[in-house]
Amino acid sequence: MKPWKVTRSRYIVKDRWLSLRAETCIDPKGVVIDPYYVLEYRDWVHIVALNRKGRILIVRQYRHASGRICTEIPGGEIDPGESPLDAARRELLEETGCAARSIEEICCFYVCPGRQTNRVYCFLAYEVEK
């Protein structure tokens with residue numbers, strides 16, 4: 001497999017929340033794809049937080065895109081210059097008021113590599129308490 005060749009790229013939206021670019025690409029077979037949209041988001045973290053009894057801490061938050069109050073594990077964007085581990089500690093505290101005795105990264109993956117540039121770092125937090 002070979003990567004596509006990008007012959008043109010322009011931003012349609014570029015702000016603090018996301019960037020959207022439209023690209024003209026040529027695949028290895030010579031097929032032109034125009035436009036191909038790419039969403040740029042910051043990387044983020046998710047935290048599976050376990051209390052002393054081994055129960056997973058969850059949060060409920062209103063999410064405007066779905067128009068619903070969602071049940072989730074804690075998480076959020078990594079701030080510029082912040083490490084994924086520091087972001088995980090910060091997000092856990094911000095969203096739950098809790099801190100973990102220990103925390104470790106368990107995996108990192110691209111969220112939607114066909115359309116988005118960001119990754120999610122997943123952490124496991126132990127002995128979480130207020």
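A pocket, on a 1 Å grid over the protein atoms alone, is an open set of points where a 1.4 Å probe fits, with protein on both sides within 12 Å along at least five of seven lines; its lining residues have an atom within 4 Å of a point. This is a predicted model, in which local features need pLDDT of at least 70 and side-chain atom pairs count only at pLDDT 80 or more, while totals for chains, interfaces and linings use all residues. Residues are numbered from 1 along each chain as its sequence is written, and side-chain values use heavy atoms, with hydrogens and water left out.

**Stop 1: the second largest pocket**

Select Trp17, Leu18, Tyr41, Arg42, Gly76, Glu77, Asp79, Arg90 and Glu91, which line the second largest pocket. The elements giving two or more residues to this lining are β8 and α1 (84-96); such helices (H or I, at least four residues) and strands (E, at least two) are DSSP runs, numbered from the N terminus. The space in this pocket is about 190 Å³, where a volume is the space filled by probe spheres set on grid points joined across faces, edges and corners. Sorted by class, the lining has three nonpolar, one polar and five charged residues. Here Ala, Val, Leu, Ile, Met, Phe, Trp, Tyr, Cys and Pro count as nonpolar, Asp, Glu, Lys and Arg as charged, and the others, Gly among them, as polar.

**Stop 2: the largest pocket**

Now select Trp44, His46, Arg63, Gly75 and Gly76, which lie nearest the centre of the largest pocket, among its 13 lining residues. Strands β4 (44-50), β6 (59-63) and β8 (75-77) each give two or more residues to the lining. This pocket holds about 320 Å³ of space, and its lining has five nonpolar, four polar and four charged residues.

**Stop 3**

Ala87 lies in helix α1. Is Ala87 buried or exposed? With a relative accessible area of 0%, Ala87 is buried (buried means under 20%, exposed over 50%, partly exposed in between, with a 1.4 Å probe and protein chains only).

**Stop 4: the three-stranded sheet**

Select β1, β2 and β3, which form an open antiparallel sheet in the order β1-β2-β3. The edge strands, each pairing on one side only, are β1 (5-14) and β3. Two strands pair if DSSP finds at least two bridges between them; β2 (residues 19-26) and β3 have seven, in the antiparallel sense. One place to look is Ile26, whose bridge partner in β3 is Val32.

**Stop 5: along β3**

Pro35 is found in β3 (residues 32-40). The peptide bond joining Asp34 and Pro35 is cis, with omega about 0°.

Next, select Tyr36 together with Trp4. The structure holds one aromatic pair (ring centres within 6.5 Å, using the six-membered ring of Trp; planes under 30 degrees apart are stacked, over 60 edge-to-face, the rest tilted). Trp4 and Tyr36 form this edge-to-face pair, at 5.2 Å centre to centre and 85° between the planes. Trp4 lies in the segment before β1 and Tyr36 in β3, so the pair ties together parts that are 32 residues apart in sequence. Tyr36 is buried, with a relative accessible area of 17%, whereas Trp4 counts as partly exposed at 40%.

**Stop 6: Glu127**

Finish at Glu127, in the segment after β10 (119-126). Glu127 is not a glycine, yet has a positive phi of about 50°. Its relative accessibility is 26%, so Glu127 counts as partly exposed.
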